[in-house]
Amino acid sequence: MGHTLAEKILMKNAGLASIKPGDLITVQPDCAAAHDIYTCKLYEKLKEMGFSKLKYPERTIIFQDHLNPCCLPDDPRLESYAFKLIDEFGVEHFHNTGGITHQLMPELGYAKPGEVVVVTDSHTTTYGAVGCFATGVGYTEMAYVWGTGEMWLKVPETIKIEINGKLPDQVYAKDIVLRVLGDLRAAGGTYKALEFCGTTIDELSVAGRLTIANMVVECGAKAGLFAADEKTAEFCKMPLQDIAWVKPDADAHYEKVMTYRAEELQPVLSCPPYVDNIKNLSEVEGTHIDQVCLGSCTNGRLEDLQIAADILRGHRIAKGLKLIVTPASNSVMEEAMRIGVLQDLVAAGAIVTPPYCSFCQGRTMGLLADDEVMLGTNNRNFLGRYGSPKAKVYLCSPAIAAASAIAGKIAHPNNVKW
Amino acid sequence: MLKVNYALLNNKISLQAIDLFSVKVTKPWDANKIYVIQDQVIPPNSPEVSAEQHRIAAFAKEYNTPYFYGSTMAGHYLTKEIVKAGDVVVATDEDIFMIGAQGALGIVVDAATMAEVLAKGELEMSASNYFTIKLQGTLDAALDMRSVAITIAEIFQPQVNAKTILQFVDCTEGLKLEEKMLLCGWCQRMGARSVLFTENAPEDVVIDLAEIEKGYVLPAASTFGKDVIAVYIGGSQGGFLEDIKLTAELLKNKKLARKVRLSVAPASSEIYYMAATAGYLTTIMQAGGLILNQCAQPSEQARIGEGEVLVSNDIHNEPDYAGKGGEIVLTDTRTAVETALKGYLGFEPETIPESVVEKVKEKVVAKEDNAEAPMTFTGRVWKFGDDIDTDIIMPTQHLSYASMDEIKSHIFEPLRPELAKLVQPGDIIVGGSNFGCGSSREQAAEILAYAGIKAIVAKSFARIFFRNSINNGMLLIECPELPDEVAEGDVITVNINKCIEHKGKEYAIPYLSDNLYRLVRAGGLVKSTKKQNGVL
């Protein structure tokens, strides 16, 4: 019998002839990365466990994407642990600046099609967009992986999500994944691999696929996978023939198949206080907003900024509204400046942060007062995450975010005069 | 009585003035002359700051004053777009001195006085004394007006007091507007009543700019030779387009010294725009620098730790400004950027500390856990609903304190702020479905284990949280029926691999597989691996 994409990738890594969901296997991750929220704990755990070196130092990476810029009093101390890990344990790859982990991992070729990758962060599933089995773990787990080069995994069931047809006007990848999350709900994908396919998916850019894969963890999924195609090959700078195997078998077994017609999808939003509380744009249009956050690892790529800039160009944001923009990486930001897209956003009144986890992590910059309402293109709207537990947060596509920033309330992109 | 041309409201003291004004008066003297330019803590870094900013915005909206948020440092905007020679502008922020570049007089007042000004448009001011400096000659191309300001402060501070108006007469080949803005802004450090350029005034002293040497404002002589961890180019007195251009030129095709954090904060969105288009920002990023938003400050976005050194081309060096126990050096832009490339100030440090690698002390033969009595315990229940995410369990804002006790005092805060104080070791949490969903932060599991939570019983768990909890030696038990039948405060007894007992009823629980049982029994992945690795 054939295998799903998740099974094929795991089989190859584990060196097994055949596996099935429920099997406990041992994998050797091809890449294991940590970022600066966890480097301190990771260092302590490695020492506590008695490791004096790393099994595969060439597979280890550290990103300082949460705490650089240093905004809270303890951040400088926490930033120093990356250097301890490099000097004492020999971590070979390091990015003190440069962008968000989940953008840099596929962008710089750390996360490759057909490989198994773990990172100390829940949104690691993002790299499934390029056919990489990628999932999040805690720092104790990562210390063990760094020390031994391996970890146990339960082979997940796979849910196939097939979307065919042409997306309507103003419906984007973000609307696809929010619709799916609304149907699966917060625990509907727990322990599962989600596999996306169909003509709509084929038509999506890699950026769109990254948006979708980024958010599968919001339904509890272990991985969110896409087969490798020409677009994957171009993005990853790899020959297609090397990664053509990264696709499910035609006779693979799926626990469930969900099908959608793209024409039936609409612009949607996650409404407070849950990611899976999905409503159509028409239901919440007109809601007053105080802050719009455009960017993050979910929707901080060039095409996201371009969509927003096309709407905002020549306009000013609403009086009293804050627009915070975070490109996902240096190269995204540099290209956006080269073609003038970032400048359009600045001219409209944007506050542009460096490419890092900025507003999305809710630690410091861009926090909300009691009655404020935020609209974000990122991936979480949990109670109290952005400051006051009385603030409300909606999630949406860059198009809705940009249009709403002009209107000062949640707006349909076609209803904002420009 | 001075007639006031404009008032600037921009900071916390301005908000106090607004509050005082609003108590007594219903109408300001002239709303068109009151500039509300929010340039502090952009974007807000706490709910409280955001609420304060909203109150300032509300004042602007009520009286329909000119209003700006997060687009420019106030001094820059007023100097370039609004004031002219002879204008009197009242503010609560010394940044206003920058308008002296246009020959306008900026006066800083307290909240009560500002409230009066807002009402009447007049300022009562005692007589001023004047100190006038004539500037001539040409400054060394490697320096900027900061060295001039530092030198003036070093030599002429005795001549300047709180009633002094410090005046400059430009007899050089013509200083640019930005150079005058920089000089006036930097001279705020001298504590004068105001600083401005004037055309006709007899000079007290003449300064030949060619004689100016590089200057530093040091917290202590000991900073020379010390490693510098952070460099800041930005702010109202540091984020001019020329500063960013020079930074890019010095960084082209180079990389910052290891560990150095370089932050660049343009003083306005206009400067940001031009620096982006000219390619300066890209060059700085490629060298490893961060481009902060306009109006960003080190106290919010470029912090340093105890004993660390920040080199800045802005004027803020108040004690603990960028972090408690941190030291700030002020200098010109070129020196600051060169420091970012070297990693230290002045000369080479004599010794570079070596990394210390801890070695395992002794090999200890691990004792096997043989035939022990099965785990069983009793605890008081704290009850929760469905989808309790890790942002609720352990909010991001409180995630990274050095002390576990401090982190522990914030558990469950967004949903149940009173709970952290009440939880006792041995307590048991009961939840609905999907407990622990959301962010992978292991701290959520770790802090519950640290707080002494013995077990969590829920209808279902999110997967990363499940692994993290097991790895921290905390027992997670899936039990679909108990959560609906137990109340907060009840006592339950857990018998591993047998059942949960509550009010005489037994609830079936899943079998805990052998490897996970050993992990929990050992106290988590760390203790278990230590045994594996033969560590004490």
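Q: Which residues of H6(A) are the buried ones?
A: They are Ala173(A), Lys174(A), Asp175(A), Ile176(A), Val177(A), Leu178(A), Val180(A), Leu181(A) and Leu184(A).

Q: And what covers the buried residues of H6(A)?
A: The cover includes three strands of chain A, namely S8 (158–164), S12 (268–270) and S13 (278–280). Helices H8 (206–215) and H12 (296–299) of chain A are also part of it.

Q: What does H6 of chain A reach from its first C-alpha to its last?
A: H6 (residues 173–184) of chain A spans 17 Å, close to the 16 Å expected at 1.5 Å a residue.

Q: What happens just after H6(A)?
A: Arg185(A) comes there, with a positive phi of about 75 degrees.

Q: OK, zooming out. How many helices and strands does chain A have?
A: Chain A has 17 helices and 18 strands. Its radius of gyration is 21 Å, close to the 22 Å that the globule rule gives for 418 residues, so chain A is as compact as a globular protein of that length.

Q: What box do the C-alpha atoms of chain A fill?
A: Roughly 60 × 50 × 40 Å along the principal axes. Of the 418 residues in chain A, 67% are buried. Among the contacts in chain A with a separation of 6 or more, 77% are between residues 24 or more positions apart.

Q: Switching to peptide bonds: which one in chain A is cis with omega near 20 degrees?
A: That's the bond from Asn68(A) to Pro69(A). Pro69(A) sits in the loop between strand S3 (60–63) and helix H3 (75–89) of chain A. Pro272(A) and Pro273(A) are also joined by a cis bond, with omega about -5 degrees.

Q: Where is Pro273(A)?
A: In the loop between S12 and S13 of chain A. Those two strands are also among the elements covering the buried residues of H6(A).

Q: Over to chain B. What's the phi of Asp320(B)?
A: Positive, about 65 degrees, although Asp320(B) is not a glycine. Asp320(B) lies in the loop between strand S16 (309–312) and strand S17 (327–331) of chain B.

Q: And Asp387(B), where is that?
A: In the loop between strand S18 (376–383) and helix H12 (390–393) of chain B. Asp387(B) also has a positive phi, near 55 degrees, and is a residue other than glycine.

Q: Is Asp387(B) buried or exposed?
A: Buried, because 23 other C-beta atoms lie within 10 Å of Asp387(B), and 20 or more is the cut-off. Asp320(B) has 13 other C-beta atoms within 10 Å, so Asp320(B) counts as partly exposed.

Q: How many residues of chain B are in contact with chain A?
A: 79, and they meet 78 residues of chain A. The chain B side divides into 33 nonpolar, 31 polar and 15 charged residues.

Q: What are the ipTM and pTM?
A: The model scores ipTM 0.97 and pTM 0.85. For chain B, the mean pLDDT is 89, and 92% of the residues reach 70 or more.

Q: Where in chain B does pLDDT stay under 50?
A: Over residues 347–372 of chain B, for which the model has 20 contacts beyond four places in sequence. Where pLDDT is low, the predicted coordinates should not be read in detail.

Methods: Residues numbered from 1 in each chain as written. Chains lettered and ligands numbered in written order. Predicted model: local features only at pLDDT ≥ 70, side-chain atom pairs only at ≥ 80, totals over all residues. Contact = placed C-beta atoms within 7 Å. Nonpolar A, V, L, I, M, F, W, Y, C, P; charged D, E, K, R; others polar. Helix = DSSP H or I, 4+ residues; strand = E, 2+ residues; numbered from the N terminus. Expected span 1.5 Å × (residues − 1). Buried ≥ 20, exposed ≤ 12 C-beta atoms within 10 Å, placed from the backbone. pLDDT = per-residue confidence, 0-100. Rg over C-alpha atoms; globule rule 2.2 N^0.38 Å.
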